[in-house]
Amino acid sequence: MSTIFEKIIQREVPADIVYEDDCVLAFLDIRPNSKGHTLIVPKECFVNIFDADDEVIGHMMRIAKKISHALVKATGASGVNLVMNNGADAGQEVFHAHLHVIPRMAHDGVFSAPQHTTYIQDEATTLAEAIKNAIA
């Protein structure tokens, strides 16, 4: 069964497209966090970063940079957030990889302040070592 993004790529569902090349399609989110909120979607179907092609993910970031500049110019935003939710527990709702480019203004209230955690003694060092060992 195809996702909504695959249907948009195939032009079965309309979208306000802002960019397209052989690898990606970028269009305005229908439930934006702010006006201009853009999704960058690879044309090849990957679920998320865990199974995505490295070249495609790199290309998505290069296009995110271009779109970020365009959003600042077009919307007057003073910054952008780049967000990619990977997995249901991370908030992924459409299981086709996509990168959000969200224009931001001072005091826009789009996101609440993040919560932070702390490490107990030596926990960060132990975890850093485990991460280093897990990098393939």
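Mentor: Start with L25. Which residue is its bridge partner in strand 3?

Trainee: V41 is the bridge partner of L25 there. What am I working with?

Mentor: A predicted model, in which local features need pLDDT of at least 70, side-chain atom pairs count only at pLDDT 80 or more, and totals for chains, interfaces and linings use all residues. Residues are numbered from 1 along each chain as its sequence is written, and side-chain values use heavy atoms, with hydrogens and water left out.

Trainee: How do strand 2 and strand 3 pair, parallel or antiparallel?

Mentor: The general idea: strands of a sheet pair through backbone hydrogen bonds, either parallel or antiparallel. Here strand 2 (residues 24–28) and strand 3 (residues 38–42) are antiparallel, with five bridges. DSSP must find at least two bridges before two strands count as paired. V24 sits opposite P42 of strand 3.

Trainee: And how many bridges join strand 1 to strand 2?

Mentor: Three, again in the antiparallel sense. I17 has F27 of strand 2 as its bridge partner. The link from strand 1 to strand 2 is a hairpin of three residues.

Trainee: What is the strand order in the whole sheet?

Mentor: The order is 1-2-3-5-4, in an open sheet of five strands with antiparallel pairing. Strand 1 (17–20) and strand 4 (79–83) are the edges, each pairing on one side only. From one strand to the next, the twist averages 20 degrees.

Trainee: Now the chain as a whole. What pattern does it follow along the sequence?

Mentor: It reads α-β-β-β-α-β-β-α. That is three helices and five strands. Helices (H or I, at least four residues) and strands (E, at least two) are DSSP runs, numbered from the N terminus.

Trainee: Which strands does helix 2 lie across?

Mentor: Helix 2 (residues 54–75) lies across strands 1, 2, 3, 4 and 5. Its angle to strand 5 (99–104) is about 20 degrees. Axes are lines fitted to C-alpha atoms, for helices over the stretch in contact, and angles run from 0 to 180 degrees between N-to-C directions.

Trainee: Back to strand 2. Why is it called largely enclosed?

Mentor: Because four of its five residues are buried. Buried means under 20% relative accessible area, exposed over 50%, and partly exposed in between, with a 1.4 Å probe and protein chains only. V24, in strand 2, has a relative accessible area of 0%.

Trainee: Which residues does V24 contact, beyond four places in sequence?

Mentor: Contact means heavy atoms within 4.5 Å. The list for V24 includes Y19, I40 and P42, and also H59, M60 and I63.

Trainee: Give me a second case. Is I102 buried or exposed?

Mentor: Buried, at 1% relative accessibility. I102 belongs to strand 5. Setting aside residues up to four places away, I102 touches N33, S34, H37, G79, V80, N81, V83, V110 and F111. A74 is 28 residues from I102 in sequence, with 13 Å between their C-alpha atoms.

Trainee: What about backbone angles? Where should I look for a positive phi?

Mentor: Most residues other than glycine have a negative phi, and most peptide bonds are trans. H107, not a glycine, has a positive phi of about 60 degrees. D122, also not a glycine, has one of about 70 degrees.

Trainee: Where is H107 found?

Mentor: In the loop between strand 5 and helix 3 (123–134). D122 is placed in the loop between strand 5 and helix 3 as well. H107 is exposed at 84% relative accessible area, and D122 counts as exposed at 52%.

Trainee: Finish with the totals. What share of the 136 residues is buried?

Mentor: Buried residues make up 33%. The C-alpha atoms fill a box of roughly 50 × 40 × 25 Å along the principal axes. Take contacts between residues at least 6 apart in sequence: 51% join residues at least 24 apart.

Trainee: And how many positive and negative side chains are there?

Mentor: There are 11 positive and 18 negative, and the centres of the two sets lie 10 Å apart. Lys and Arg count as positive and Asp and Glu as negative, while His and the chain ends are not counted. Each charge is placed at NZ of Lys, CZ of Arg, CG of Asp or CD of Glu.
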